[in-house]
Amino acid sequence: MTGLCLEKILKSIGIFLSAVSSNRYLIEFLEVGGVLTLLEILGLEKIKEEDKKESIKLLQVIANCGRKYKELICESYGVRSIAEFLAKSKSEETQEEVQVLLDSLVHGNPKYQNQVYKGLIALLPSASPKAQQLSLQTLRTAQSIMGATHPSIVACVLNVLRTMHLEVQYEAIELIKDLVNYDVCTALLKGLVALLIPPVKETSKLQPKILSDSTVLQLTAHLPVFLQQAAAAKAIGVLARGNNSLAEEMLHLRVVHSLMAAMGNTDHSNSQRQASLTLEYFVQMFPVVEEHVRKSMGEELYKLFLSNAEDLYMKIDSIQADILAANEVNVTRALNLGGLSNSNMGFYLGPRDQEQRAYITHFQEDVKGKE
């Protein structure tokens, strides 16, 4: 049945299942295959979106009745059906109802919570920005419940940074902030630093178009690999400001070299801006970084950088951009020679540590205000 008839039936069932003494009605509904029917409705193309939304609400009611009912939904291949519907749905309101259902299924469901967790990860490459956003939000909850991470989560989350939707990027960075507290921390940091220098095969796609296509600037502004580069620079800055140990670890991954290379990417101004802001933090926090950056940039460029890191990309010329892109800064060598232990931390952080931290707090608030 379709149309108004189905909508009325689903709403009527909902009234019975939501009643105070609903247990008998619930059992009868389940015995006749109610869960399977609701899940099948989600996959039928001819069914209206509003009817599918009612099916989701009924599944919410069933899941909220307890653990054995959540298990029944999962045993009926419910996670797959629900996740696929979330990815395909065109209604944000309906997608939010699906998120509520998935959140319910991941709580108090130890037997199948890993299945829900994997289903959320599988949603990350979705073509729907809203589905990505909601999946990332729910993944944060699921990850705290799961404890252990799935090996694929790092690559999936880093790929989400290619999005041009800022609300999705925000949720991805929030999840990254959580994931650095788990066993994937090193892999995540390495991945973020690697994204600062896109593979040649990705950027070379632009070269044949430069002479023949006058719209090449529009193309480069939204090239996914450059969006990902800018988001990675932003994420690195967020992590470094929030945890000094992570900042130190990234120094050993040659993050300074990679940030300067991103600052030289004249094809994408936001990459230059985000990388410059993050590098400014490292320069402020670590005198050893300041020394190497000053030497590599030269006095003129370094003064421009210090005067206004955020707007540096608008002031540099092509030669200065090339200097940044081709830099050979290697702070790691200096760190390995001197070490970054508690005994010599004062040298690397500088004597004005408290003043620097006060500056950083002000810097964060200022950046948030501008964004």
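Helices (H or I, at least four residues) and strands (E, at least two) are taken as DSSP runs and numbered from the N terminus. The structure is a predicted model, in which local features need pLDDT of at least 70 and side-chain atom pairs count only at pLDDT 80 or more, while totals for chains, interfaces and linings use all residues. Residues are numbered from 1 along each chain as its sequence is written, and side-chain values use heavy atoms, with hydrogens and water left out.

The secondary structure of the protein chain consists of 25 helices and zero strands. Burial was assigned from relative accessible area, with buried meaning under 20%, exposed over 50% and partly exposed in between (1.4 Å probe, protein chains only). By this criterion, 51% of the 371 residues of the protein chain are buried. Contact was defined as heavy atoms within 4.5 Å. Among contacts in the protein chain between residues at least 6 apart in sequence, 72% join residues at least 24 apart.

In soluble globular proteins, nonpolar side chains tend to be buried together. A nonpolar core is here a set of buried Ala, Val, Leu, Ile, Met, Phe, Trp, Tyr and Cys residues joined through side-chain atoms within 4.5 Å. The largest such core has 104 residues, and the members that touch the most others are I62, V255, V256, L279, F282, V289 and M297. Helix α16 (residues 224-242) gives the most to this core, contributing seven residues. When neighbours within four places in sequence are set aside, the contacts of I62 are L17, L26, F29, L30, V35, L38, Y69 and I73.

F85 lies in helix α6 and counts as buried, at 4% relative accessibility. Beyond its neighbours within four places in sequence, F85 is in contact with L42, E49, K52, I56, T94 and V98. The C-alpha atoms of F85 and A131 are separated by 9.6 Å, the two residues being 46 apart along the chain. Y170, in helix α11 (residues 166-179), is partly exposed at 48% relative accessibility. Y170 and L136 are 34 residues apart in sequence, with a C-alpha to C-alpha separation of 9.6 Å.

Y302 and F305 form a tilted pair, with 6.2 Å from centre to centre and 40 degrees between the planes. Because Y302 and F305 are three residues apart in helix α21 (residues 299-307), about one helical turn separates them. Both Y302 and F305 are buried. Ring pairs also link Y281, F282 and F286 into a cluster; F282 is among the core members that touch the most others.

Pockets were located on a 1 Å grid over the protein atoms alone: a pocket is an open set of points where a 1.4 Å probe fits, with protein on both sides within 12 Å along at least five of seven lines, and lining residues have an atom within 4 Å of a point. Grid points are joined across faces, edges and corners, and a volume is the space filled by probe spheres set on the points. The second largest pocket has a volume of about 310 Å³. Its lining comprises 18 residues, of which P198, A261, G264, N265 and A325 lie nearest the centre of the pocket. At least two lining residues are supplied by each of α13 (200-203), α16, α18 (255-263) and α22 (318-325), and α22 gives the most, with four residues. For the lining, Ala, Val, Leu, Ile, Met, Phe, Trp, Tyr, Cys and Pro count as nonpolar, Asp, Glu, Lys and Arg as charged, and the others, Gly among them, as polar. On this basis, the lining has nine nonpolar, seven polar and two charged residues.

Positive phi values were also found in loops. In the loop between α5 (67-75) and α6 (78-88) lies Y77, a residue other than glycine whose phi is near 60 degrees. Y77 is exposed, with a relative accessible area of 66%. R254, in the loop between α17 (244-252) and α18, has a positive phi near 65 degrees and is likewise not a glycine. R254 is partly exposed, with a relative accessible area of 30%.

Methods:
Phe/Tyr/Trp six-rings, centres within 6.5 Å; stacked < 30°, edge-to-face > 60°.
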